[in-house]
Amino acid sequence: MAWRVFRFFLFQLCGGLIGYWLVGLANPLHGLIIGLLTASALWVAIDLRRVAQLLKWLKEADQTRPLRLHGLWAEVATRASRLLRQQESRAQDSERRLQEFLSAIQASPNGVVLLDALGRIEWCNMTAGEHFGFDPKRDLQQHIGNLVREPAFLAYQAVGDFTHDVQMPGPRSTPSRPVRLAVHLHDYGEGRRLLLSRDVTALEQAEVMRRDFVANVSHEIRTPLTVLAGFIETLQNLPLTAAERERYLALMSQQAQRMQTLVSDLLTLSKLEGSPPPRADEWVSVQRLLSQCEQEGRELSATVAAPGHVWRVLNTGPAELAGSYPELLSAVGNLVSNAVRYTPASELIELAWRTLPDGQAELSVQDAGPGIAPEHLPRLTERFYRVDRSRSRDTGGTGLGLAIVKHVAQRHGAELRIHSVPGEGSRFAIVFPVSRIRADAEADGFADQLVEARRA
Ligand code: ADP
């Protein structure tokens with residue numbers, strides 16, 4: 001800076017001297033002033049030219065071109081350029097952060113909409129677009145009230161109490177496939193609003209299922225309890241003969257048994273839901289499973305449908321299944337119990353294990369019972385669903401048997417397939433994946449058959 005001041009005065013001095021030399025002989029003061037003014041004007045002109053050069057250089061996208069300036073202007077150029085670079089890098093940094101932030105909001109499973117002070121959409125993520133059915137680009141600057149016309153939302157917006165959310169049906173909601181959204185508005189900034197949306201369809205369905213389940217269990221327990229209470233009162237208040245007492249006690253025992261079965265099925269279901277999946281390296285003998293189920297079936301058959309049923313057990317080859325023996329026994333046991341309870345005495349019940357052409361294998365229970373109408377088939381595995389409520393109760397059913405079977409099948413990576421024709425009987429098959437089947441080490445022929453099926 002000092003060097004620049006020195007150069008300025010030197011410039012003035014030279015200008016003054018030249019002025020004095022050219023004009024000053026006639027009028028030295030005039031000559032001096034003209035010289036000084038000319039030198040000043042020249043100095044300003046040179047500076048202006050340098051400023052113009054500097055501005056042009058700064059306007060360039062990148063200041064890589066060398067700038068032929070020296071001294072103070074070179075310093076100004078360097079500092080301005082450094083400042084510009086810093087600012088640019090800060091702006092890029094902010095832009096990057098903004099993009100990261102927006103990507104994070106995009107990835108959110110919740111819908112996010114930013115509204116300006118007039119209620120117009122400034123930005124929204126894809127989830128919000130899906131929830132409300134608007135286009136995240138095309139619908140920018142649209143008023144939210146024009147796009148979301150649901151009365152519950154409009155009333156919520158009008159009242160202005162945003163301490164809680166509001167629930168409303170989604171725009172694509174239909175009676176067969178309902179969609180429920182929980183929508184919450186939050187004030188922020190100067191009059192702006194943040195709109196958050198959540199798809200609560202599954203949550204609501206789970207809540208409905210929980211309520212239904214509790215209602216069903218209460219109902220199932222209340223019925224035998226009422227009967228029991230009635231008998232107790234009768235026994236307490238009426239003078240009964242020994243034979244009558246015997247009959248009442250037998251009926252009471254039947255009701256208690258019914259409650260016991262229900263509680264036991266509920267416990268089985270809750271255990272299945274709460275325990276880790278069965279191990280894939282514990283092997284169960286299919287032959288043992290079939291024999292035990294047949295034996296239990298025959299025993300039940302003798303008690304509920306005297307003189308019993310005709311039994312056939314097919315095993316296309318000794319094999320082993322990876323999984324839990326008690327769970328598999330409970331699943332097949334339930335299928336056998338159903339077959340026994342719904343099939344008239346002396347009719348055929350077939351228990352079979354066979355490998356399928358694609359290498360999978362199935363454990364099936366087939367009966368010659370009344371069969372099931374097609375409209376009931378998709379709902380059979382729902383808890384407490386019964387085709388014939390009184391028949392199920394009369395035979396000691398809880399409505400939970402097939403739910404248990406389905407659960408066990410899923411836990412073993414298997415699938416429950418039901419085929420039934422009214423009047424012709426039913427066939428329930430649990431189809432196991434290849435990975436859970438192996439030949440019983442003691443049976444060579446079957447091992448070859450299984451290896452071939454796996455290859456195919
Ligand atoms: P339940 O304890 O009532 O038998 P399940 O869950 O085992 O309950 O079966 C559900 C319903 O499916 C039964 O109530 C019955 O109407 C029907 N069902 C199950 N198995 C058979 C079968 N083998 N033949 C005819 N109907 C069956």
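Phe432 touches Leu321, Leu328, Trp353, Gln360, Ala361, Leu363, His412, Ala414 and Ile437, leaving out residues up to four places away in sequence; a contact means heavy atoms within 4.5 Å. The model is predicted, so local features need pLDDT of at least 70 and side-chain atom pairs count only at pLDDT 80 or more, while totals for chains, interfaces and linings use all residues. Residues are numbered from 1 along each chain as its sequence is written, and side-chain values use heavy atoms, with hydrogens and water left out.

**Domains**

- The protein chain is assigned domain 1 (2-90), domain 2 (108-199), domain 3 (207-274) and domain 4 (283-442); such bounds come from an automatic or database domain assignment.
- Between the C-alpha centres of domain 3 and domain 4 there are 26 Å.
- Domain 3 brings 14 residues to the contact and domain 4 brings 15 residues.

**Nonpolar cores**

- A nonpolar core is a set of buried Ala, Val, Leu, Ile, Met, Phe, Trp, Tyr and Cys residues joined through side-chain atoms within 4.5 Å. Buried means under 20% relative accessible area, exposed means over 50%, and partly exposed lies in between (1.4 Å probe, protein chains only).
- The largest nonpolar core has 44 residues, of which Val332, Trp353, Ile430 and Phe432 touch the most other members.
- At least two residues of this core come from each of α8 (242-274), α9 (286-304), β8 (319-322), α10 (325-342), β9 (348-355), β10 (361-367), α12 (401-411) and β12 (425-432). Helices (H or I, at least four residues) and strands (E, at least two) are DSSP runs, numbered from the N terminus.
- With nine residues, α10 gives the most to this core.
- Because domain 3 (207-274) and domain 4 (283-442) both give residues to this core, it lies between them.
- A second, separate core has 18 residues, including Cys124, Ile144, Val148 and Phe162.

**Pockets**

- On a 1 Å grid over the protein atoms alone, a pocket is an open set of points with protein on both sides within 12 Å along at least five of seven lines, whereas a cavity is a set of points where a 1.4 Å probe fits but cannot get out; lining residues have an atom within 4 Å of a point.
- The volume of the largest pocket is about 980 Å³. Grid points are joined across faces, edges and corners, and a volume is the space filled by probe spheres set on the points.
- The largest pocket is lined by 43 residues, and Asn334, Ser337, Asn338, Arg341 and Tyr342 are the closest to its centre.
- Helix α10 gives the most to the lining of the largest pocket, with ten residues.
- The lining of the largest pocket has 16 nonpolar, 18 polar and nine charged residues. In this division Ala, Val, Leu, Ile, Met, Phe, Trp, Tyr, Cys and Pro count as nonpolar, Asp, Glu, Lys and Arg as charged, and the others, Gly among them, as polar.
- Domain 3 and domain 4 both give residues to the lining of the largest pocket, so this pocket lies between them.
- The second largest pocket has a volume of about 560 Å³. Its lining has 20 residues, and the closest to its centre are Met209, Phe213, Thr381, Glu382 and Arg383.
- Helices α7 (201-237) and α12 are the elements that give two or more residues to the lining of the second largest pocket, and the largest share, eight residues, comes from α7.
- Since domain 3 and domain 4 both give residues to the lining of the second largest pocket, this pocket also lies between them.

**Cavity**

- The structure holds one cavity of 30 Å³ or more, and the largest cavity has about 50 Å³ of space.
- The lining of the largest cavity consists of Glu220, Ile221, Pro224, Arg258, Met259, Leu262, Gly397 and Thr398.

**Individual residues**

- Gln157 is in helix α6 (residues 151-159) and counts as buried, at 17% relative accessibility.
- Apart from neighbours within four places in sequence, Gln157 is in contact with Ile144, Phe162, Leu185 and Arg193.
- Most residues other than glycine have a negative phi.
- Gln141, which is not a glycine, has a positive phi of about 70°. Gln141 is in the loop between α4 (126-132) and α5 (144-147) and is partly exposed, at 46% relative accessibility.
- Phe384 also has a positive phi, near 70°. Phe384 lies in the loop between β10 and α11 and is buried, with a relative accessible area of 3%.
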